[in-house]
Amino acid sequence: MSNKDTDSGLEFLESPEGLAGELTKFEKNLEKNRNIFFIVGGVIIAALAGWFGYHWYVSSQDEQAQAVLFNPVFAIEADSLNKALKGSGGNPGLLAIADEYSATPAGNLASFYAGTALLKQGKFDEAIERLKSFSSSDLLVQARAYSLIGDAYMEKNNAEEAISYYQKAVDYKPNAYFTPMYMIKLGIAYEKAKKNQEAIEVYGNLIEKYPQSSEVLNAKKFKGLLESAAE
């Protein structure tokens, strides 16, 4: 850039008239875009207010859900399934809590408990629906939900769907405590679907990956029977 260009670009700083002209331009641009600034600012403020308001609402709702969840959970542990699901003595049951507080962690957990109780009652389709609506990052409970859905499909003689959910249980955060149990169920589902080679592979993987598991004896037995039948 030449000195001439530089001098021209800085001219308005040295000239009151030039500076006034630049300020006038700036004011016009500001006035022109003021509505846009206000709209954007309003949207941001509304979004932040909505976000904080929603989380405050969910938090307060979750506290209420936790309070009313105690009685039905106690009932399900006492094997009073109807009381657990439908409530008693003016207290809501798991179904109502799951529906009313669906956006809260406690309402989410109510769906899990409701699915478990419905499965025990032999209401397999309803159990599947409730358990599928449940979601958790917990090591134990999410895999357990997948396994229970698999159990419900097995009761409905739908081995293919059972395989799908047992596989999800096996794949979800594998560990030496619970995964072997899900692998046994997966192998049995493969057998029921007459996919014996896949069942042999599952049992073999269990034996190899979890040699200290209490399920290893069953895996060896089931694998041996399938291999003998194939000879």
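## Overview

Of the 231 residues in this protein, 34% count as buried, meaning under 20% relative accessible area with a 1.4 Å probe and protein chains only. The model is predicted, so local features need pLDDT of at least 70 and side-chain atom pairs count only at pLDDT 80 or more, while totals for chains, interfaces and linings use all residues. Residues are numbered from 1 along each chain as its sequence is written, and side-chain values use heavy atoms, with hydrogens and water left out.

The protein has 12 helices and 2 strands, taken as DSSP runs (H or I, at least four residues, for helices; E, at least two, for strands) and numbered from the N terminus. Along the sequence, the pattern is α-α-α-α-β-β-α-α-α-α-α-α-α-α.

## The nonpolar core

Let's look inside. The largest nonpolar core holds 52 residues; such a core is a set of buried Ala, Val, Leu, Ile, Met, Phe, Trp, Tyr and Cys residues joined through side-chain atoms within 4.5 Å. Helix α8 (residues 141-155) gives the largest share of this core, 8 residues.

Leu69, Leu94, Phe112 and Leu186 have the most contacts inside the core. Leaving aside neighbours within four places in sequence, Leu94 is in contact (heavy atoms within 4.5 Å) with residues including Leu69, Ile76 and Tyr113.

## Lining of the largest pocket

Helix α11 (196-209) gives the most to the lining of the largest pocket, with 5 residues. Helices α9 (159-171) and α10 (179-192) each supply at least two.

Key
Buried means under 20% relative accessible area, exposed over 50%, partly exposed in between (1.4 Å probe, protein chains only).
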